[in-house]
Amino acid sequence: MLSQTIGRIGEWVAGSHLLIAIAASAFTGSAYLQLSIPPDYPLIIFIGFATLFTYNLQNLMGRYRSARVKDHFTPWHPFIIYAGLGVAGMSVSLVGMEDRSVVTWFIVPGTLSFLYSTPLFTFRRVRITLREIPWLKIYLILFVWLWVTAFIPYFNVHDGLTPDFILFCMQRAFFVFALLLPFDIRDLNTDYAFQKTIPQRFGVRRSLRLGVVAVALYGMIAGFRWLAGPLEVMTLLGLLLTGLLTSALILKTHEDRSPLYFTFWIDSMLWVQFLLIWLLK
């Protein structure tokens with residue numbers, strides 16, 4: 001009975017996207033720590049609630065699409081409630097921002113996130129979303145996460161690029177790429193064959209190896225940033241520990257894993273990175 005209750009709570013938390021919203025705020029916080037930028041707490045909170053709104057909006061669009069085919073009994077109201085909570089949270093955190101013009105930076109990722117789940121395109125006589133365009137899915141998500149959790153915090157303070165920020169973006173891109181590959185493996189049975197995702201093209205085993213290689217590159221760039229000076233040794237240790245945990249989770253990924261494995265364990269690496277850096281810094 002207890003295990004069933006815990007499982008239901010876990011499914012509710014994962015289904016509401018509260019975990020990924022918290023992870024988005026934490027991952028943004030880790031950017032501030034790594035780049036030695038004074039944290040903008042209202043912006044960090046805004047990003048979390050924006051993630052909550054976006055993911056639940058995507059669920060609503062997915063329910064609308066599937067309801068016309070086979071899923072018309074799926075309840076919509078939870079996603080409306082969670083999306084509304086996201087809007088309310090964004091509004092409150094916006095009040096605390098000193099420079100509210102930063103919100104304009106969310107236009108590009110917001111538009112891409114809407115098109116990600118909205119079937120506005122036609123491919124081979126099939127109405128598809130942006131995520132279903134061949135080759136695009138993983139790189140689209142990667143770009144949005146990099147934009148929101150790296151570009152916005154950095155350019156809200158700085159005007160120009162620095163070599164360390166470029167390396168930081170590369171480091172973060174490899175890390176997010178590694179975390180996204182398990183989700184493509186999870187979606188093997190639901191993605192269209194023409195999407196040409198990495199697991200579709202190269203198989204599960206090679207995809208997992210590629211994920212580990214991406215984590216290794218992430219660690220190497222972090223090590224180079226430490227050697228160059230901007231990164232503290234304890235921050236480097238936090239990044240490397242996160243990489244080891246991420247590699248272990250990637251290697252244990254397969255198509256039949258529980259959905260909670262992806263939405264809890266894989267996504268948790270976003271906030272684990274922040275937590276380790278914060279504790280060790």
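## Close-up views of a predicted model

**View 1. Ser36 is an exposed residue with positive phi.** Ser36 has a relative accessible area of 56% and counts as exposed (buried is under 20%, exposed over 50%, partly exposed in between, with a 1.4 Å probe and protein chains only). The model is predicted, so local features need pLDDT of at least 70 and side-chain atom pairs pLDDT 80 or more, while totals for chains, interfaces and linings use all residues. Residues are numbered from 1 along each chain as its sequence is written, and side-chain values use heavy atoms, without hydrogens or water. Phi of Ser36 is near 55°, a positive value in a residue that is not glycine. Ser36 sits in the loop between H2 and helix H3 (41-67). Helices (H or I, at least four residues) and strands (E, at least two) are DSSP runs, numbered from the N terminus.

View 2. Along the sequence the pattern reads α-α-α-α-α-β-β-α-α-α-α-α. The chain has 281 residues, and 49% of them count as buried. Of the contacts with a separation of 6 or more, 71% join residues 24 or more positions apart (contact: heavy atoms within 4.5 Å).

**View 3. Helices H6 and H7 pack at an angle of about 145°.** H6 covers residues 137-155 and H7 covers residues 163-186. Their axes lie 9 Å apart. Axes are lines fitted to C-alpha atoms over the stretch in contact, and angles run from 0 to 180 degrees between N-to-C directions. The H6 and H7 crossing is right-handed: the near helix is turned clockwise from the far one by less than a right angle. On the H6 side, the contact includes Ile138, Ile141, Leu142, Trp145, Leu146 and Phe151. On the H7 side, Phe165, Phe168, Val176, Phe177 and Leu180 are among the partners. Arg172 and Asp184 of H7 also take part, as does Lys137 of H6. By class, the residues of this contact divide into 18 nonpolar, one polar and three charged. Ala, Val, Leu, Ile, Met, Phe, Trp, Tyr, Cys and Pro count as nonpolar, Asp, Glu, Lys and Arg as charged, and the others, Gly among them, as polar.

**View 4. The largest cavity holds about 60 Å³ of space.** The whole structure has two cavities of 30 Å³ or more. On a 1 Å grid over the protein atoms alone, a cavity is a set of points where a 1.4 Å probe fits but cannot get out; a pocket is an open set with protein on both sides within 12 Å along at least five of seven lines; lining residues have an atom within 4 Å of a point. Points are joined across faces, edges and corners, and a volume is the space filled by probe spheres set on them. The lining of the largest cavity includes Trp135, Leu136, Lys137, Ile138 and Tyr139. Asp184, Gln195, Lys196, Thr197 and Ile198 line this cavity too. H6 gives the most to the lining, with three residues. The lining has five nonpolar, two polar and three charged residues.

**View 5. Trp135 has a positive phi although it is not a glycine.** The value is about 75°. Trp135 lies in the loop between strand S2 (126-128) and H6. With a relative accessible area of 46%, Trp135 is partly exposed. Trp135 is also one of the residues that line the largest cavity.

**View 6. The second largest cavity has a volume of about 40 Å³.** Leu19, Ala23, Thr263, Phe264, Asp267, Ser268 and Trp271 form its lining. Helix H2 (18-35) and helix H10 (259-280) are the elements that give two or more residues. H10 gives the most, with five. Four lining residues are nonpolar, two polar and one charged.

View 7. H2, H3 and H10 each supply at least two residues. The largest share, five residues, comes from H2. The lining divides into ten nonpolar, three polar and one charged.

**View 8. Thr28 is a buried residue of helix H2.** Its relative accessibility is 0%. Thr28 touches Ile44, Ile47, Thr149 and Pro153, leaving out residues up to four places away in sequence.
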